[in-house]
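The stops below follow pairs of oppositely charged side chains.

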Amino acid sequence: MIAAQQVKTLFAVVVVAFIVATLLTGEVSAKKAKNEKECEVCKKVIDRVITQANNEYIDLTDQEAIQQLIKKCYYVGGTDDAATGLLREVTGPISRYMPADVVCNKLKKLDSQICDIIYYEEIDLSKIDLNKQRVKVLKKILQEHFGDSCKGCLEKTDYIKRIEELKHQRSDL
């Protein structure tokens, strides 16, 4: 009787451990998905600089040459009127062959706004679920797709109704 009780307890422990491991794995994958969008512009710009340097046979350890490639980037201090001076903090890690995500994480510690820069995403009305969008996105859809500001809209449902009305009007034409 004691052995059967121990087996049940052991089985319960294994099941709980499996559930915890599954939840942690899901959390890690959600963080990875979030991190793909984080510093997206920075990573692409750094990757582009490294690729351009390799294509032009520029030695990555030559910080002056790398600075010339970045001279057009306002956000890291590449232009004369830039408000920041992060150029050396970009060229230094590149010259040590650090990957773009590491360079951007270092820049983020110095100036968190570097990762706030995002690419403009075109919103496809046929694929989007309006109920899952924030009011800010709904306002953006109204302004960009229909040129409407929905002056009488107070709640999210008002914005959704207005977008649906305008979608039907546009399809009738």
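Select Asp148, Arg162 and Glu165: a network of salt bridges links these residues. A salt bridge here is a side-chain nitrogen of Lys or Arg within 4 Å of a carboxyl oxygen of Asp or Glu. The model is predicted, so local features need pLDDT of at least 70 and side-chain atom pairs count only at pLDDT 80 or more, while totals for chains, interfaces and linings use all residues. Residues are numbered from 1 along each chain as its sequence is written, and side-chain values use heavy atoms, with hydrogens and water left out.

Stay with Arg162 and Asp148, whose closest N and O atoms are 2.9 Å apart. Arg162 sits in helix α7 (residues 156-172) and Asp148 in the loop between α6 (135-146) and α7, so this pair ties together parts 14 residues apart in sequence. Helices (H or I, at least four residues) and strands (E, at least two) are DSSP runs, numbered from the N terminus. Asp148 is buried at 17% relative accessibility, and Arg162 is partly exposed at 24%. Buried means under 20% relative accessible area, exposed over 50%, and partly exposed in between (1.4 Å probe, protein chains only).

Next, select Lys108 and Glu38, a salt bridge with 2.3 Å between the closest N and O atoms. Lys108 belongs to helix α5 (residues 100-110) and Glu38 to the loop between α1 (2-37) and α2 (40-55), so the pair joins parts 70 residues apart in sequence.

Last, select Lys127 and Asp124, which form a salt bridge at 4.0 Å, N to O. Lys127 is exposed at 72%; Asp124 is partly exposed at 36%.
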